[in-house]
Amino acid sequence: MENALLIGLSRQTVLERQLNVVANNIANVNTTGYKADQSLFEEHLNSGAHEDNFVGRDRRVSYVQDRGTYHDLSQGSTEQTNNPLDVAIDGAGFLAVQTAGGERYTRDGNLQINGQGQLVTTSGNAVLGTSGPIVFQPTDHDISISPDGTVTVLEGTTRTDSIRGKLRLANFADAQKLLKEGYNLYSAGEAGAAQADAKSTIRQGYVEKSNVNATSEMSRMVEVMRTYQQIATLLQQQSDLHKSAIEKLADVPA
């Protein structure tokens, strides 16, 4: 196959994967605590010419290769909900939660209390405190969550604060290596062991919105689709030229 076709096909393959990333970002523009993904690209040089009369740089064919994606971990804007169970994290920390697959991490602070009195995420995963799941009593009211994550309540008719736990905030040596698992959850992957985060703080009654810029992502989607179509047109032109050349060679008298 000609080099022009190979280069065009390599670029189309990359654009297809980039479109998947952009589409996923757009789909989560309203997902609480969602962090956008971005694509990484690099030039991949390969020797495509093998005749002795091609020397130096003429031997090298430049392809497009996507190295993968990276997480945009920038802080999203916060929205006040006035729900005492909602929390937004100011800083790089993550809430630790218990799932069927083990401990996972999230920035989704849209929390609630389940039938067993446990503090859980919207997916039903128990939110972990420094001493395990945080559990409330049926008579608890006036829930308060301090900036350091300490959860206190007024119990029954008493006016004395009772502590129900302290939210465990975790951070990682290399958060870029966290693995997204769906349902707004991350697993540690190769990011290293979770460490206690003493720098991040909690804002009660707020949630962190997605950090996806909808306008930017829509513009990027249009750009990707246009580029894909332009390459498809170029490849068709190259194929037509090749076909025309063969037909003309066939008409040359022997």
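## Nonpolar cores

The largest nonpolar core has 18 residues, and L119 and L167 touch the most other members. A nonpolar core is a set of buried Ala, Val, Leu, Ile, Met, Phe, Trp, Tyr and Cys residues joined through side-chain atoms within 4.5 Å. Two or more residues each come from strand 4 (87-90), strand 5 (94-99), strand 11 (140-145) and strand 12 (150-155). A second, separate core has ten residues, including F94, A96, A170 and Y186.

Beyond four places in sequence, L119 is in contact (heavy atoms within 4.5 Å) with residues including L85, L111, V127, I134, F136 and L167. In soluble globular proteins, nonpolar side chains tend to be buried together.

The model is predicted: local features need pLDDT of at least 70 and side-chain atom pairs pLDDT 80 or more, while totals for chains, interfaces and linings use all residues. Residues are numbered from 1 along each chain as its sequence is written, and side-chain values use heavy atoms, without hydrogens and water.

## Aromatic pairs

There are three aromatic pairs in the structure. Rings of Phe, Tyr and Trp (its six-membered ring) pair if their centres lie within 6.5 Å; planes under 30 degrees apart count as stacked, over 60 as edge-to-face and the rest as tilted. F94 and F172 are edge-to-face because their ring planes stand at 70 degrees, with centres 6.1 Å apart. F94 lies in strand 5 and F172 in the loop between strand 14 (169-171) and strand 15 (179-182), so this pair ties together parts 78 residues apart in sequence.

F94 has a relative accessible area of 4% and is therefore buried (under 20%; exposed is over 50%, partly exposed in between, with a 1.4 Å probe and protein chains only). The rings of F94 and Y186 are also edge-to-face, with centres 5.5 Å apart and planes at 70 degrees. F94, Y105, F172 and Y186 form one aromatic cluster.

## Surroundings of S200

S200 is found in the loop between strand 17 (195-196) and strand 18 (201-204). Its relative accessible area is 7%, so S200 is buried. The side chain of S200 reaches the backbone nitrogen of G93 at 3.0 Å, and one of its polar atoms lies 3.2 Å from the backbone nitrogen of A92. Residues that S200 touches, beyond four places in sequence, include I89, D90, P147 and L169.

## Overall make-up

The protein chain contains two helices and 19 strands, taken as DSSP runs numbered from the N terminus (helices H or I, at least four residues; strands E, at least two). Of its 254 residues, 36% count as buried.

Notes: A polar contact is a pair of N or O atoms within 3.5 Å; within protein, one must be able to donate a hydrogen and the other to accept it, and residues adjacent in sequence count only if both atoms are side-chain atoms.
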